[in-house]
Amino acid sequence: MISGSLGLRSGSYGSLQLQSNQSSVVAGRKPQKMFKDKERFVHWFFKVAPLRKVGMLLLCAISALVFGWVVYFGKDGQKGVQNPSLGLNDTSKTGNHSFFSPNNVDQFIHMELNSSTQNDMGKVIAEPLPTPVYFKGYTLPPGNPCESFMLPPPPADKKRTGPRPCPVCYLPVEEAIPLMPDAPSFSPVIQNLTYVCEKNSTRSEFGGSEFGGYPSLKQRINSYDIRESMSIHCGFVKGIKPGHQTGFDLDESDLLEMERCQGIVVASAIFGAYDLIQQPKNISETAKKNVCFFMFVDEETYKFITKSRELNSSKSIGLWRIVVIHSLPYQDPRRTGKVPKLLLHRLFPNARYSLWIDGKLELVVDPYQILERFLWRKNASFAISRHYRRFDVFVEAEANKAASKYDNASIDFQVDFYRREGLIPYSEAKLPITSDVPEGCVIIKEHIPIANLFSCLWFNEVDRFTPRDQISFSTVRDKIMSTTNWTVNMFLDCERRNFVVQGYHRDVLEHWASPPPPGALSIAHPPPPVAQNKKLPNVWRERVPSNTTKVPNRHGKDRSGSRRHRKVTAGSRDIN
């Protein structure tokens with residue numbers, strides 16, 4: 001019987017190569033003599049092996065031979081198998097096809113960067129993946145004035161007892177800009193966050209909306225079970241992407257510009273022409289070039305704005321780019337305003353930081369300085385000011401009902417729901433949490449998964465219950481803090497009033513009397529003497545509304561009959 005070698009496998013595509021020596025064909029009789037020799041050796045082995053010393057010696061010798069054979073021929077076997085070359089200029093070919101094609105160059109680069117090493121025994125050892133880099137905060141250099149800054153006591157002014165701004169130690173803009181982190185902050189537990197998208201949503205329990213997707217109470221409970229990967233409701237459930245056929249529709253040009261915003265975004269909104277646009281002040285040239293300023297308005301507000309001024313070529317008024325919302329998800333403008341307020345991470349998917357300010361506020365400090373002071377320096381990912389007076393949710397709910405902020409029955413239902421879930425009045429036992437009630441007109445946030453999750457769950461509470469977000473804030477915060485080490489930086493309200501100035505709503509401003517024209521006081525003639533115009537008091541008396549009350553003076557007495565309030569003509573010493 002004639003047998004032949006099949007050859008070696010090459011390293012290119014595993015094809016078989018015939019050996020060049022064709023004389024490897026041997027006859028079938030020759031091995032019979034070798035078989036007789038082997039048979040004699042085996043017979044001799046079993047004859048001598050029963051001796052203990054000789055048997056042990058033979059066993060050690062045979063083990064050594066087997067080990068040497070494995071080591072020697074194992075190395076030769078590796079040398080005989082040709083591994084594919086991983087060079088871009090590889091010339092190993094099978095047929096007319098090269099090993100790498102232009103379509104798998106990226107795959108080759110990935111293999112080069114994440115290559116594996118082999119040891120002598122042929123075991124593959126994978127190189128460890130690079131450790132993710134996160135921002136871990138910083139400390140100011142010694143001697144920096146902000147390092148030893150202490151908040152001074154409020155001035156003793158008995159006439160002014162309401163809220164007021166207090167000093168804040170900001171770094172200069174040129175020092176704050178380089179401190180912007182290159183890496184994101186660490187997101188505890190959750191690393192991947194996706195959002196529910198469904199065309200048809202059905203209401204199963206109370207509350208909710210088509211825009212929010214009507215999440216069930218079971219889904220609400222599961223959303224507070226923080227995991228590494230989560231998919232939750234977060235508005236915009238109908239469309240493919242936020243702003244496109246979702247009930248909060250924007251122009252394509254605006255959506256494209258919002259996607260280009262990759263750093264810091266400052267956003268605000270005005271609905272129902274309720275406020276006047278406030279232009280930011282004290283903004284650095286770097287911020288004007290690199291920070292995105294977006295003002296969301298409805299069509300009613302857009303018509304009111306364009307009556308007095310026109311948009312420039314970039315659809316902007318001053319620093320604000322005006323974005324018109326063509327379809328509103330809610331009839332209540334207060335609830336609609338919560339969409340850009342809480343879901344900026346969805347509208348600006350590539351932005352790293354966002355600063356939200358209500359439409360009635362005027363920004364008077366550079367955004368880089370604000371982010372450095374309340375986020376980067378504190379190593380926080382979410383910052384909001386606490387209410388200047390109220391710290392308890394139950395007290396806040398009663399204040400909302402007293403001021404007719406919303407339907408009282410709806411507020412009572414929401415608070416009672418939270419009470420059954422375990423909400424208790426605020427006390428010092430919650431420290432270091434300093435308050436359960438925020439002043440939600442300003443939100444400073446880093447767009448990382450845990451902060452985005454908090455914003456989504458907060459919005460879901462506003463969508464299900466009342467739009468009074470101060471009532472639902474602490475419930476969402478405490479549920480997330482119970483399973484993670486994440487927290488919110490709640491700074492003083494007087495610090496917030498340092499970088500934003502609160503204005504008046506448009507309806508209040510329109511009821512104020514317009515100021516006199518310039519120079520009117522310089523050309524006005526003096527009034528005639530009182531004695532020559534005796535009907536003047538009657539004229540002023542008719543102009544005063546009948547329902548007004550007389551305001552007493554500082555001493556609480558009516559001194560209109562005193563000597564120093566008598567009106568006399570010039571030059572006379574006695575009226576009689």
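Figure 1. Asp478 is partly exposed at a relative accessible area of 23%, whereas Arg477 is buried at 2%. Here buried means under 20% relative accessible area, exposed over 50%, and partly exposed in between (1.4 Å probe, protein chains only). The two residues form a salt bridge with their closest N and O atoms 3.0 Å apart; the term stands for a side-chain nitrogen of Lys or Arg within 4 Å of a carboxyl oxygen of Asp or Glu. This is a predicted model, where local features need pLDDT of at least 70 and side-chain atom pairs count only at pLDDT 80 or more, while totals for chains, interfaces and linings use all residues. Residues are numbered from 1 along each chain as its sequence is written, and side-chain values use heavy atoms, with hydrogens and water left out.

Figure 2. Arg497 and Asp493 sit four residues apart in H17 (residues 493-499), about one turn of the helix. Their side chains meet at 2.8 Å, N to O. Both ends are buried: Arg497 has a relative accessible area of 18%, and Asp493 has 4%. Helices (H or I, at least four residues) and strands (E, at least two) are DSSP runs, numbered from the N terminus.

**Figure 3. Further salt bridges.** Arg334 pairs with Asp332 at 3.3 Å, N to O, and Arg334 is partly exposed at 38% relative accessibility. Elsewhere, a network of salt bridges links Arg220, Glu421, Glu461 and Lys479. The structure holds 27 salt bridges.

**Figure 4. The largest cavity.** On a 1 Å grid over the protein atoms alone, a cavity is a set of points where a 1.4 Å probe fits but cannot get out, and lining residues have an atom within 4 Å of a point. The largest cavity has a volume of about 50 Å³, meaning the space filled by probe spheres set on the points, with grid points joined across faces, edges and corners. Its lining includes Lys341, Trp356, Phe382 and Lys445. Helix H10 (338-342), strand E13 (353-357) and strand E16 (438-446) each supply at least two lining residues.

**Figure 5. The second largest cavity.** This cavity has a volume of about 40 Å³. Among the residues that line it are Arg203, Glu205, Phe206, Tyr214 and Arg464. The count comes to two cavities of 30 Å³ or more.

Notes. 1 Å grid on protein atoms, 1.4 Å probe; cavity = no way out; pocket = protein on both sides within 12 Å on 5 of 7 lines; lining within 4 Å.
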